[in-house]
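Subject: Structure handover, with notes

Dear colleague,

I am passing on the structure we spoke about, and my notes on it come after it. Please read them with the structure open beside you.

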Amino acid sequence: MDKIRIQGGVPLKGKVFLSGAKNAALPIMSAALLTDGWVNLSNLPALRDIQTEKRLLSFLGASLDEGSEGCLRINASRIDQFEAPYDLVKTMRASVLVLGPLLARFGRARVSLPGGCAIGARPINLHLKALEMMGARINLRSGYVDAKARRLRGTEIGFDTPTVTGTENLLMAAVLAQGKTSLGNAAKEPEVVDLANCLERMGAKISGAGTDTITVQGVTHLQPTDYRIMPDRIEAGTYLVASGITRGEITLAEYDGSHLETVIMKLKEAGLEFDQKKSGLTVRGPRKIKSVSVTTRPFPGFPTDMQAQFMALMALGQDTSVIKETIFENRYMHVSELRRLGADIQISGNQAVVKGVSKLRGAPVMATDLRASASLVLAGLAAEGMTEISRVYHLDRGYESLEKKLSALGANIERIKEVK
Ligand code: EPZ
């Protein structure tokens, strides 16, 4: 397995271009199953999860035509498989996003249950309950969800808790259902809105995306379209922290801070300075990082996908910050690794008390999940000496050319390829 080595202490400087958003690209690629004809997508990030999604769509019988960088054409005219197999789902939970489209368009789907992951149990009970309310017959057998429906019927659904992929799955189910569906307590994440925008371009009738009540008037069929994936706000947030933790000055090219307001507000409280220009958003790291407390919440609250990165910054704070994780029950796997770099962090329940230290020192550490590995890279960039991060395949799932982008900003970083 590849490793990443970082010689820390270099203030990062320069311009970085963001990639397309993984968590918008995955549902939008699945949405191509809702129509026949060529759906043309652009600004797709080059990530392992996108590769997995392509393999899943091909497995189902979709034709894929790779265009220039970041472009992909998908044609779901000849779908002949209706199963998302365990081998694919176990590597990427978001494979469950084919359930809604397959059921809505073909009346059947068999999807492996995703199982737990490093950050939590992550059940899909809310997806299944809502699909049953739309008339689907759902059986759980040998680790698979077996779903059938002649035609889904629109109805009033209220999610017990806002779920991002749950909202996306039901949105894709409702666009071809009979009648009107309303999704109450829906997720308001920008990626949900990006999916809704793409579906509307395909002819869907949707209102209220981005609010906690989305209404969908079902139609009989959808047309293919061209769609550009939104920029990745979590990648943007990660580079903002990279500038802060290295006391650097970075410009996120062509980016206006949208969808990251809460994170930017907290980073300003920590002392980072922001300058919005036409060319992009510039962020300067402070000489002294102020300790700031955060609680993760569904959008527009502080995103759980930025919790680990923010904790790395707070490890070098002047005082003590309290970080509360309210979305996932086990999203502190990075804490023991940050401690190896000299951080002072105490966990009790869903709360982490981070006592700032004057410096971190490089050490060998291990990545455990996507955002945890990003926090170790950030801490390594600030640490004195060498940090070596193993299991970086986690990073490749969600960050496009991270080492290349960071070394272009002056970081002393390299990937050590596994010798087979
Ligand atoms: C999406 O996961 C993102 N993944 C996650 O990003 C992100 O952390 C999460 O939303 C929260 O923002 C993608 O979009 C592919 P949820 P998702 O359903 O949809 C509980 C990353 O780092 N729940 O909104 O799986 C669940 O256990 C990844 O890029 C149920 O109980 O998250 C959690 O506690 C990690 N039953 C909460 O709701 C359900 O049926 C929110 O989960 C569904 C969810």
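This is a predicted model: local features need pLDDT of at least 70, side-chain atom pairs count only at pLDDT 80 or more; totals for chains, interfaces and linings use all residues.

Residues are numbered from 1 along each chain as its sequence is written, and side-chain values use heavy atoms, with hydrogens and water left out.

The ligand site

The ligand is surrounded by 21 residues, of which Asn125, Thr163, Thr165, Asp305 and Ile327 are the closest; a residue counts as near if one of its heavy atoms lies within 4 Å of the molecule. By class, this shell holds nine nonpolar, seven polar and five charged residues, where Ala, Val, Leu, Ile, Met, Phe, Trp, Tyr, Cys and Pro count as nonpolar, Asp, Glu, Lys and Arg as charged, and the others, Gly among them, as polar.

Among the polar contacts (pairs of N or O atoms within 3.5 Å; within protein, one must be able to donate a hydrogen and the other to accept it, and residues adjacent in sequence count only if both atoms are side-chain atoms), a polar side-chain atom of Lys22 lies 3.0 Å from a ligand oxygen, and one of Thr165 lies 2.6 Å from a ligand oxygen. Pro123 instead places a backbone N or O atom 3.3 Å from an oxygen atom of the ligand. On its own the ligand has 830 Å² of accessible area, and the protein covers 86% of that (Shrake-Rupley method, 1.4 Å probe).

Helices H1 (22-31), H5 (125-133), H6 (164-174) and H12 (370-382) each give two or more residues to the shell, and H5 gives the most, with three; helices here are DSSP runs of H or I with at least four residues, numbered from the N terminus.

Helix H12

Of the 13 residues in H12, 12 are buried, including Arg371 and Ser373; buried means under 20% relative accessible area, exposed over 50%, and partly exposed in between (1.4 Å probe, protein chains only). Asp369 caps the N-terminal end of H12, with a side-chain oxygen 3.4 Å from the backbone nitrogen of Arg371.

The cysteines

With a disulfide taken as a pair of cysteine sulfur atoms within 2.5 Å, the count is zero. The sulfur of Cys198 is 14 Å from the closest cysteine sulfur, that of Cys71, which is too far for a bond. Cys71 is partly exposed at 26% relative accessibility, whereas Cys198 is buried at 1%.

With best wishes
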